[in-house]
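Please look through the sequence and the model shown below, and then follow the description.

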Amino acid sequence: MSEPLPLMKGLPRAKIPTGEPLVLASGSPRRAELLRAAGYEFEVCPAADTAECGVPYKETAVEMVARLAFQKAVDVVRRRKRSFILAADTLAACGDRILGKPKDREDAESMLRLLSGQKHEVFTGLCVWSTGTDQCYVDVVRSRLQMSQLDDAAIEEYLDGGKWQGKAGGFGYQDDNDWIEIVENDSESNVVGLPMERFAEILENFAKLADKVQKEVR
């Protein structure tokens, strides 16, 4: 993004409770930008693509993002020593249909036509993991959105720009689209891929929230 978005201003920040270096288990430039905007110092160590495998039967969007965030964290934890791992996964959902990243332009078009004029939700699963204390916490944040009715020209223009690539639901809230509105002051940063408000809360309450991880999980 050429200029910082308004949502990048005034983001909350909290101290890493264990004093370990923060590691972002994601190659997402949007998540990295959110962390930098909040003033965090961190390293990037993306989880392997295989960490996103496996879809249980009749899994809900909440269950899926929680599982995928955990799997990504596990993948990076196995490769890092003395680190505070942050992993995340984001999905959109409209009704009972879960929308991940489009496979291609045709898939993105199908998603946009489904969402056009509809209320829908974006879920981000968070997994924070201290390798030093072997403690882990997983949470899911929901944001509700309303998309305006899009005509063919608007859909084609957005698809032609290529910004749909790598984005759950086939669109990016950060792409300066006036056809996306967040409902009832839900988290904007969550829609971009990392709920910064909740992340700061988790850091501040990590000792109370986190559970001990069994060694065999790692």
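In this predicted model, His120 counts as buried because its relative accessibility is 3%, and buried means under 20%. His120 belongs to strand β5, which covers residues 119–130. Leaving aside residues up to four places away in sequence, the contacts of His120 are Ala93, Cys94, Leu115, Ser143, Arg144, Leu145, Met147 and Phe171.

In soluble globular proteins, nonpolar side chains tend to be buried together. The largest nonpolar core here holds 49 residues, and Leu35, Tyr40, Leu86 and Phe171 touch the most other members. Apart from this core lies another, of 16 residues, which includes Val23, Val77, Trp129 and Val213. Tyr40 has contacts with Pro12, Arg13, Ala14, Leu22, Leu35, Met196, Phe199, Ala200 and Leu203, again not counting residues up to four places away in sequence.

**The largest pocket**

The largest pocket has a volume of about 660 Å³. Its lining consists of 36 residues, and those nearest the centre of the pocket are Glu52, Lys72, Asp89, Thr90 and Lys101. By type, the lining residues of this pocket comprise 17 nonpolar, ten polar and nine charged.

Helix α2 provides the largest share of the lining of the largest pocket, with four residues.

Conventions:
Residues numbered from 1 in each chain as written. Predicted model: local features only at pLDDT ≥ 70, side-chain atom pairs only at ≥ 80, totals over all residues. Heavy atoms only, no water. Core = buried A, V, L, I, M, F, W, Y, C linked by side-chain atoms within 4.5 Å. Buried < 20%, exposed > 50% of the residue type's maximum accessible area, 1.4 Å probe, protein only. Contact = heavy atoms within 4.5 Å. Helix = DSSP H or I, 4+ residues; strand = E, 2+ residues; numbered from the N terminus. 1 Å grid on protein atoms, 1.4 Å probe; cavity = no way out; pocket = protein on both sides within 12 Å on 5 of 7 lines; lining within 4 Å. Points joined across faces, edges and corners; volume = space filled by probe spheres on them. Nonpolar A, V, L, I, M, F, W, Y, C, P; charged D, E, K, R; others polar.
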